[in-house]
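Notebook open, structure loaded. I'm jotting down what I look up as I go.

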Amino acid sequence: MSREDTGTRRAVDRLREAARSPTRDGSNRLVAGVAVLIAVTVISPLLWLFLRAAAVGPREALSILVAPSTLDVFVNSVALVASVTGLSVALGVPLAVLTVLSDLPFRRVWTVALSLPLVVPSYLGAFAFVSAFGPRGELAELLSPLGVTIPTVYGFQGATLVLGLFVYPYVFLTTRASLLSFDTEQLEAAQTLNHGFRSAFRRVVLPQIAPGMTAGALLVAFYALSDFGTPAIMHFDTFTRVIYVQYNNFGRGTASLLSIQLLAVTALVLFLESRLGDAGGDGYGGGVVGTDSPVASLGWAKLPALAFCALVVGLTLVIPVAIFGMWLLRSGPGYASGGIGFQWDFAINSVYVSVFAAVGTVLAALPIAYVSARSDSRIAQLLERSTYVGYAVPGIVLALALVFLGANYFPWLYQTLPLLVFAYIVRFLPQAVGSTRSSVIQVDAKLLGAARTLGETPRGAFRRVTLPLIAPGLVAGAALVFLTTMKELPATLILHPTGFTTLVTYIWRVQEAGYYGRAALPALVLVAVSALSMILLLRQEGDDA
Amino acid sequence: MEDDTSSSLRRRRFLATGAAAAVGALAGCNGLPGGSGGGSGGSGSSGDGGGTLSLSSFRGSGPLVENRASLSGTRIADLPDLSGELTIYLGGGEGGLYRDLLAMFSQIYPDFTARPREGGTAQLANTIIEEGENTPADVFWAVDAGSLGAVDEAGMTVDLSGDVVESVPEEFHPTGRWVGTAGRARSVPYNTNALSAADIPDTVMDFPETDGLVESMGWGPTYGAFQAFVTAMRLIEGESATREWLQGMLDGGVTEYPDEFLTSNAVADGEINAGFANHYYALRVRSARSNAPLDLAFTSGDAGALINIAGAAVVQGTDQSELAQNFVRHLLTVEAQEFFATRTFAYPMIPGVPPVGGLPTIDELNPPSIDLQELANVEPTLQLMRDVGVL
């Protein structure tokens with residue numbers, strides 16, 4: 001909660017006294033209807049997959065689906081999802097605890113720095129890693145005279161490491177949000193009751209932050225499932241990489257079949273998570289505004305903790321930025337250049353389209369988040385879960401689906417910004433639904449009842465009570481969508497309006513042509529602009545330190 | 001890149017082959033090699049008033065481009081004006097440079113507007129196929145034959161008129177519905193301090209058994225062009241011979257590089273004696289470092305001599321068919337071919353424009369007879385390379 005809300009909150013607290021149970025009326029049904037409509041709209045483009053897969057004969061389809069190579073890819077993908085999620089939790093949760101609950105020095109600086117890896121696109125991060133640690137990489141060259149050899153960065157371990165390092169901030173941020181809204185007095189109380197910090201943490205804190213952690217872990221899991229750049233650069237075969245290979249071979253039928261199989265994996269993960277999640281309680285604390293004043297003293301562990309933070313920041317920020325910088329200083333392949341000069345317009349275009357995507361996604365997320373937070377019905381849960389489908393599917397699949405639908409049924413929308421923004425909404429909806437939903441859960445339903453009792457219309461109650469309380473959740477969702485849109489490549493490349501160049505399409509253009517040096521400036525601009533919005537995101541966590 | 005190489009002393013030796021020396025001083029370098037076609041170069045000035053651009057405006061610069069021979073073929077001035085707006089799907093690597101050429105066309109023809117739309121070649125081909133008859137594309141201009149072939153097979157191309165393709169060798173317009181605009185040849189860059197041309201086998205399959213190359217070769221197996229080369233080998237020699245070849249190279253201690261520019265650069269530095277790379281990378285190295293002890297050898301009639309192309313097609317469903325055909329014709333003019341030859345160091349497609357850097361002409365090379373469209377099937381190649389442990 002930010003400070004401005006405290007006034008509202010105080011007024012609302014008084015209303016709470018007067019409250020009776022919330023009234024349910026037609027407006028709830030309207031919201032539910034809108035939510036269903038949105039969910040159906042964002043999923044429907046993927047029906048195209050079945051159209052394309054149907055072109056493959058049933059026998060051939062079966063042989064593709066059970067081919068040993070397909071099974072390998074299935075196992076690889078599941079293993080990568082599991083390992084990346086595990087690594088992200090292993091990094092994100094301790095770092096969140098350190099920066100919220102402990103007396104780590106410079107907590108604010110660390111918080112910003114530890115969130116920033118999220119803004120480095122994985123295709124650049126992985127590339128920087130290979131440039132640094134790969135065979136003949138910068139560090140390998142530096143260390144080889146000393147007789148130090150670096151283990152190979154390629155394959156499963158490399159893909160896990162790079163993906164984990166660049167996406168753990170999802171877990172870090174959602175866990176932080178939970179910790180911040182957690183009433184630390186409970187932890188202190190537990191500690192006074194003769195529990196050590198560790199035991200108090202396990203018994204008091206962990207159950208409260210589990211839903212936040214899970215939300216972040218889901219975003220990580222499906223990011224790992226749908227990412228193309230990292231597995232491709234790390235030479236690791238996953239569904240997404242094989243789907244790309246099929247598209248490059250014009251095997252659209254096979255690509256569609258594999259995509260449907262990937263959707264099945266998605267459904268399985270969502271199902272498993274919903275079984276696990278049931279135990280986790282319903283929210284990010286009970287609407288109590290927590291503080292991030294430290295409650296645990298690190299003592300002797302201060303130095304190791306600092307070293308841990310520094311190591312993560314070093315790997316995820318210092319190395320990529322140093323590599324980009326090195327590209328910037330070096331001349332590229334010696335051939336005439338032209339037609340590809342960097343323009344600041346590209347950065348403006350990126351920000352412009354990302355702002356629309358962020359606003360559009362939050363607007364689409366709000367009804368779904370509202371319904372799923374307010375109702376325990378299966379339909380409501382299904383609604384929320386369905387938003388993950390567009391997120392888990394590789395960008396190229398969604399983009400080609402929208403090419404087919406756009407060019408043939410909505411030609412007036414095709415290759416326009418609205419259709420591109422729609423693609424972003426489909427891709428990134430769950431990022432906004434997650435944070436919005438958790439903030440809706442925090443709003444005490446009795447408050448709305450109180451407002452209604454005092455004569456507010458449903459809309460008035462929403463505007464005056466709910467909206468101010470959930471604003472931080474909305475802004476956090478918007479910022480996440482903004483960041484991921486800034487770095488989104490496949491859909492942008494396929495669906496952008498002709499002549500509309502963004503930072504990532506420009507980076508793609510110069511990398512394709514082999515001018516790595518020219519990718520450095522836009523890459524640094526991308527990271528810098530995204531970092532600014534990340535700072536905005538973190539401000540929303542509350543300035544009450 | 002220069003920094004890490006400056007420590008090498010060996011590269012100081014002067015390179016006598018190739019480049020300027022070989023082409024001789026036929027025409028001087030004033031960029032107006034008189035002769036055929038008349039007209040276009042004459043008025044010279046590259047002022048902004050539209051109209052004409054001299055041939056030298058299309059020509060690149062640098063040591064490799066000096067002393068160009070006189071060129072022949074259709075010139076821009078011989079063709080009807082380009083007028084109107086064209087949406088061009090521009091696939092792949094040379095995107096930036098191709099944009100420069102489009103800008104030059106617009107400078108010559110103020111009424112001509114090109115709307116380039118970039119993307120991966122295969123992605124754009126898939127896009128055109130999904131769009132079907134409603135595609136906004138008028139022209140598909142892509143850097144690989146496989147993508148052109150896929151669009152062609154989907155029935156999304158129209159017949160190019162005879163006078164558009166007639167100047168290009170037949171193997172580069174096999175169906176008549178797309179035509180090569182520039183070529184790139186597989187080659188063997190070698191260090192002239194360590195090896196002579198005679199040390200390089202004429203047959204790519206002999207490389208693993210060649211004593212002089214053991215522990216001194218480099219390649220870039222993650223690079224698309226290298227995989228296309230292995231695909232060609234698989235198609236020509238069969239799977240098991242290809243597997244043996246890859247294994248033989250591995251056993252011979254081949255060094256891996258991230259791409260073929262760096263492979264060529266390492267050859268110039270003497271880190272390795274020879275490598276496998278597209279021909280233009282060695283030219284890029286030499287263009288930046290004209291003294292580099294680097295030359296190119298070509299194998300004959302096998303995968304090692306593969307020539308792949310960038311090419312263009314007029315897209316089915318365009319309402320600008322006439323303009324689109326005329327545009328493709330412009331890509332095959334002396335000026336455009338000189339642009340590709342001297343700025344991207346590609347192989348020109350018309351016989352009247354020689355390649356730069358003393359390269360053998362396309363007729364002198366002996367590429368394998370292989371359907372370029374089949375090169376798109378790279379998946380079994382990747383599988384094979386992974387089995388052997390190359391990837």
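This is a predicted model: local features need pLDDT of at least 70, side-chain atom pairs count only at pLDDT 80 or more; totals for chains, interfaces and linings use all residues.

I looked up B:Glu215 first. It isn't a glycine, yet its phi is positive, about 60°. I find B:Glu215 in the loop between β4 (179–191) and β5 (217–219) of chain B. Buried or exposed? I get 10 other C-beta atoms within 10 Å, so B:Glu215 is exposed.

Next I checked B:Phe345, another residue other than glycine with a positive phi, near 60°. B:Phe345 is also in a loop, the one between α13 (334–343) and β11 (347–348) of chain B.

**Entry: chain B overall**

I stepped back to the whole chain. I have 14 helices and eleven strands in chain B. The chain has 391 residues, and 57% of them count as buried. I also looked at contacts between residues at least 6 apart in sequence: 79% of those in chain B join residues at least 24 apart.

**Entry: the two domains of chain B**

I noted the bounds: domain 1 covers 58–183 + 309–348, and domain 2 covers 185–306 + 367–388. Taken over C-alpha atoms, the centres of the two domains of chain B are 28 Å apart. Domain 1 of chain B puts 13 residues into the contact, and domain 2 of chain B puts in eleven. Which element gives the most on the domain 1 side? I find helix α6 (residues 145–153) of chain B, with four residues. I sorted that side of domain 1 by residue type and got eight nonpolar, five polar and no charged.

**Entry: the largest nonpolar core**

I followed the largest nonpolar core, which holds 301 residues. Which members touch the most others? They are A:Ala423, B:Val139 and B:Phe140. The element giving the most to this core is helix α12 (residues 197–226) of chain A, with 15 residues. Both domains of chain B take part, with at least three residues each from domain 1 and domain 2.

I then picked B:Phe140 and listed its contacts, leaving out residues up to four places away in sequence. B:Phe140 touches B:Tyr89, B:Leu124, B:Ile128, B:Leu148, B:Val151, B:Ala312, B:Ala313 and B:Val315.

**Entry: a helix pair in chain B**

I looked at how helix α8 (residues 224–237) of chain B packs with helix α14 (residues 379–388) of chain B. The angle is about 95° and the axes are 9 Å apart. I count angles of 65 to 115 degrees as roughly perpendicular, and α8(B) and α14(B) are therefore roughly perpendicular to each other. From α8(B) I have B:Gln227, B:Val230, B:Thr231 and B:Arg234; they meet B:Pro380, B:Thr381, B:Leu382, B:Leu384 and B:Met385 in α14(B).

**Entry: a helix in chain A**

Last, I checked helix α21 (residues 445–453) of chain A. Its buried residues are A:Leu447, A:Leu448, A:Gly449, A:Ala450, A:Ala451 and A:Arg452. Just after α21(A) I see A:Gly455 with a positive phi of about 95°.

How values were computed:
Residues are numbered from 1 along each chain as its sequence is written. Chains are lettered from A and ligands numbered from 1 in the order in which they are written. Domain bounds come from an automatic or database domain assignment. Two residues are in contact if their C-beta atoms, placed from the backbone, lie within 7 Å. Helices (H or I, at least four residues) and strands (E, at least two) are DSSP runs, numbered from the N terminus. Ala, Val, Leu, Ile, Met, Phe, Trp, Tyr, Cys and Pro count as nonpolar, Asp, Glu, Lys and Arg as charged, and the others, Gly among them, as polar. A residue is buried if 20 or more other C-beta atoms lie within 10 Å of its own, exposed if 12 or fewer, and partly exposed in between; C-beta atoms are placed from the backbone. A nonpolar core is a set of buried Ala, Val, Leu, Ile, Met, Phe, Trp, Tyr and Cys residues joined through C-beta atoms within 7 Å. Axes are lines fitted to C-alpha atoms, for helices over the stretch in contact, and angles run from 0 to 180 degrees between N-to-C directions. Angles under 35 degrees count as roughly parallel, over 145 as roughly antiparallel, 65 to 115 as roughly perpendicular and the rest as oblique.
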